[in-house]
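Here are some friendly notes to keep beside you on a first look. Take them one at a time, with the viewer open.

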Amino acid sequence: MDVSMPISSVVPSLDGPVLAFLSGTTEPADLAEVHRRVGRGSKSGVRHVLLRMVATGLVHEVPGGFVLNRQHLAAPAVKILAEIHGELIRRIRSFVENWNADVLLVGLFGSAGRRDGNTASDIDVLVVSDAEELNNFRDLLADQIRSWTGNRAQVIAIPSEELRRLRETKESVVANWDQELVVISGDIRTLRRVM
């Protein structure tokens, strides 16, 4: 999965990012805005995609720009594809909730958290728990993420005491987690009090 633009895993052309942007807004966006927000391709390429989508009825050209035709039969599929990153988060949260152990914190970091990687990027996950089966859980979660996304998962699973030690020794990875961790489960403020 392309962690920066997951829809590209299914729609690898410029169409994917254009559809992802349009599915995330109900306000009309002109060509310049769509091009800026998509952040890929040329302005003429984006225009070509929009006009082709208008011809298929998937996009409407309205005063002020372009909008996704949410009545189109394909619109629900577009919405699902545009929300793949959110689905990954929901699946990780569900996997954690179904584990019979107390978990202090689970979150994404690195390119998956920042959403700036590509298809070769690892999915980096932090799990903090004092459960005895933590290493087994780490391996199972990594396997699941690989199955869900096709990406290698780097799951860092540590007990709270190890996290406390990492913070005391001022390990740079802890500063990175403080700045960019996308919390999936737990409360980062509670965790900082534990440390």
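The points below go from the whole chain to single residues.

1. **Ground rules.** This is a predicted model, in which local features need pLDDT of at least 70 and side-chain atom pairs count only at pLDDT 80 or more, while totals for chains, interfaces and linings use all residues. Residues are numbered from 1 along each chain as its sequence is written, and side-chain values use heavy atoms, with hydrogens and water left out.

2. **The whole chain.** You will find 10 helices and 6 strands in the chain; helices (H or I, at least four residues) and strands (E, at least two) are DSSP runs, numbered from the N terminus. The C-alpha trace spans about 60 × 30 × 25 Å along its principal axes. Of the 195 residues, 44% count as buried, where buried means under 20% relative accessible area, exposed over 50%, and partly exposed in between (1.4 Å probe, protein chains only). Among contacts with a separation of 6 or more, 62% are between residues 24 or more positions apart; a contact means heavy atoms within 4.5 Å.

3. **Helix α1.** How many of the residues of α1 are buried? The count is 9 of the 9, so α1 is largely enclosed by the rest of the structure. The buried residues include Asp15 and Ser23 as well as Leu19 and Phe21. Their cover includes α2, α3, β1 (59–62), β2 (65–68) and α4 (75–82).

4. **α1 against α2.** Helix α1 (residues 15–23) and α2 pack at an angle of about 110°, with their axes 9 Å apart. Axes here are lines fitted to C-alpha atoms, for helices over the stretch in contact, and angles run from 0 to 180 degrees between N-to-C directions. That makes α1 roughly perpendicular to α2; angles under 35 degrees count as roughly parallel, over 145 as roughly antiparallel, 65 to 115 as roughly perpendicular and the rest as oblique. Pro17, Val18, Phe21 and Leu22 of α1 meet Glu33, Val34, Arg37 and Val38 of α2. By class, this contact has 6 nonpolar, no polar and 2 charged residues, with Ala, Val, Leu, Ile, Met, Phe, Trp, Tyr, Cys and Pro counted as nonpolar, Asp, Glu, Lys and Arg as charged, and the others, Gly among them, as polar.

5. **α2 against α3.** Helix α2 (residues 31–38) also meets helix α3 (residues 43–56): their axes come within 9 Å and cross at roughly 110°. That makes α2 roughly perpendicular to α3. On the α2 side the contact is made by Leu31, Ala32, Val34 and His35, and on the α3 side by Lys43, Val46, Arg47 and Leu50. The classes are 5 nonpolar, 1 polar and 2 charged.

6. **α8 against α9.** Further along, helix α8 (residues 160–168) and helix α9 (residues 172–180) have axes 7 Å apart, at an angle of about 105°. These helices are therefore roughly perpendicular to each other. Leu163, Leu166 and Arg167 of α8 make the contact with Val174, Trp177 and Asp178 of α9.

7. Do look at the loop between α8 and α9, where Lys170 is found. Phi of Lys170 is near 55°, a positive value in a residue other than glycine. Most residues other than glycine have a negative phi. Lys170 is exposed, with a relative accessible area of 72%. Arg115, in the loop between α6 (110–114) and β4 (123–128), also has a positive phi, of about 60°. Arg115 is partly exposed at 36% relative accessibility.

8. Leaving out residues up to four places away in sequence, Gly107 touches Asp124, Val125, Leu126, Leu181, Val182, Val183 and Ile184. Ser185, in strand β6 (residues 182–186), is buried too, with a relative accessible area of 17%. Beyond its neighbours within four places in sequence, Ser185 is in contact with Val96, Leu104, Leu105 and Val106.
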